[in-house]
Amino acid sequence: MGISRTAFNINELTIATFHAALRQQTTSCTAVVCAYLERIAHHDQALQSLISINNNAIAAAHEKDEETRTLCDRNQPFPTLHGVPVILKDNIGTFDLPTSAGNKALATLRTSEDSSVVADLRRAGAIILAKANLHEFALHGTTTSSLGGQTRNPYDLTRTPGGSSGGTAAALAANLGLVGCGSPVEESSRCADVVYGDDGGMEPAGRESRPPGEIRIGVLDAYFHLEESRSSLPEALVEENEIVQRVIRAAVSSIGEAVHITLVPVEPTADWRLATLLVQADTQAFEFRECLDGFLQSSVVSSTPHRSLESIAQSGEFDKNAITEVFTAPLEKPEIYSRRSAEYRAQLDFIASLKESVQRCFDAAGIDFMVYPHQRHLAVPIGMTRQPRRNGVLAALTGRPAICVPAGRSPPTPSAIQGIPIGLEIMGRYEHDEALLDVAEQIEYILQARATPIE
């Protein structure tokens, strides 16, 4: 396929349109990969969203083009992710690229094999395009790392993109890749089909067409407001919370106009305050050292300059502003911050009760999903390394499936001409991931809130 690199517009590209263009021979895998690489070269110096580029991506695209010709000649379906350029968060193991977790001390760490997720993606035809920046060791939410620096929000270069997967999110928002963490809901569904499905990774004929039944969605009003007294907070923060509330309430109102969706006000059935959850339910500091050391000392790690958290700490090759007590506490108080301590068991007991209380809320209200702002104010400015008031912690701690979709944007400012995206989080029931993806796709269609960043 002698396709020009510039013959095909990759902005806002979807897997479906990409595969249709391959069959129509209006583009090729090589042309699309090259177009993304050109955009990366042009835009990522400002964004700092990526840590490494796969130098073998073009060669892999050439191979996919050969497969395309064969499949088209035989009138056979494409594998689900055939030729799709994927951006991976750099704590996901890949045999052919370093896996650093954003940590300078681990910049050269190599694994002998792909993680299971990456193996599934490749088996479905994906091309690994790049590894993305993240908040160091995925410990917080501003995407700041000693290896990748601080990623900038493509809608407002004076702000962070959130995190910890902010590098992947910023890259996808800026159209530097087709699929990755935080991708559009339709693409997430396609990836979920690969990772969890049993269809052999082949191109689906389309989702089952069925009349929509009633969907009951709980609106968690308690997660719209600031927990602190307004008088104790900076005026700018209070104003940002008011902006978030207006955008999310308008989005929820639009969702409620759908004939098959019923909105139900819900309230916490126990103490769900973020301040409480972070103190009594966050187990990261108890698990981090043992899990990291176990990984570094495992046979899957083929090359690494460090085999323990203590060794990394002694090297000094980490961002002291980005790391949190999750990094430092197990080194300073190992008798407490381990998975054998009474304190850890107390955290687990609280999580168990939290899970029960959330389940009671779902059952009592008869809801299928719960919605609330993903966070209670806008992404913080560049230079800050903490993003407080993140509502996403509720789903994370209870292990429930959750997804965030664009709900709208804040008013324009000189640094954010289109405004800053504001996310609506949708939390579902256990083991109902596909239902969550389906309703998120419906809500994303209703809201139509995605906008391409101005270049």
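This is a predicted model: local features need pLDDT of at least 70, side-chain atom pairs count only at pLDDT 80 or more; totals for chains, interfaces and linings use all residues.

Colleague: Which residues of H3 are buried?

Modeller: They are Ala57, Ala61, Lys64, Asp65, Thr68 and Leu71. Viewed down the axis of H3, these buried residues lie within an arc of 130°, so they line one face of the helix.

Colleague: And what is exposed on the other side of H3?

Modeller: Glu63 and Asp73 are exposed there.

Colleague: How far apart are the end C-alpha atoms of H3?

Modeller: They are 24 Å apart. H3 has 17 residues (57–73), and at 1.5 Å a residue the helix should span 24 Å, so the two values agree.

Colleague: What is the phi of Asn75, which follows H3?

Modeller: The phi of Asn75 is positive, near 55°.

Colleague: Now to the strand. How many residues of E8 are buried?

Modeller: In strand E8 (residues 215–220), 5 of the 6 residues are buried, so the strand is largely enclosed by the rest of the structure.

Colleague: Which strands does E8 pair with?

Modeller: One is strand E9 (residues 261–266), which pairs with E8 in the parallel sense over 6 bridges. Within that pairing, Leu220 has Val266 as its bridge partner. Another is strand E11 (residues 369–373), which runs parallel to E8 and is joined to it by 3 bridges. There, Val219 stands opposite Val371.

Colleague: Which helix belongs to the β-α-β unit with E8 and E9?

Modeller: That is helix H7 (residues 235–256), and the unit is right-handed.

Terms used
Residues are numbered from 1 along each chain as its sequence is written. Side-chain values use heavy atoms; hydrogens and water are left out. Helices (H or I, at least four residues) and strands (E, at least two) are DSSP runs, numbered from the N terminus. The expected span of a helix is 1.5 Å times one less than its number of residues. Buried means under 20% relative accessible area, exposed over 50%, partly exposed in between (1.4 Å probe, protein chains only). The arc is that of the directions from the helix axis to the C-beta atoms. Two strands pair if DSSP finds at least two bridges between them. A crossover is right-handed if, with the strands pointing away from the viewer, the path from the first strand over the helix to the second runs clockwise.
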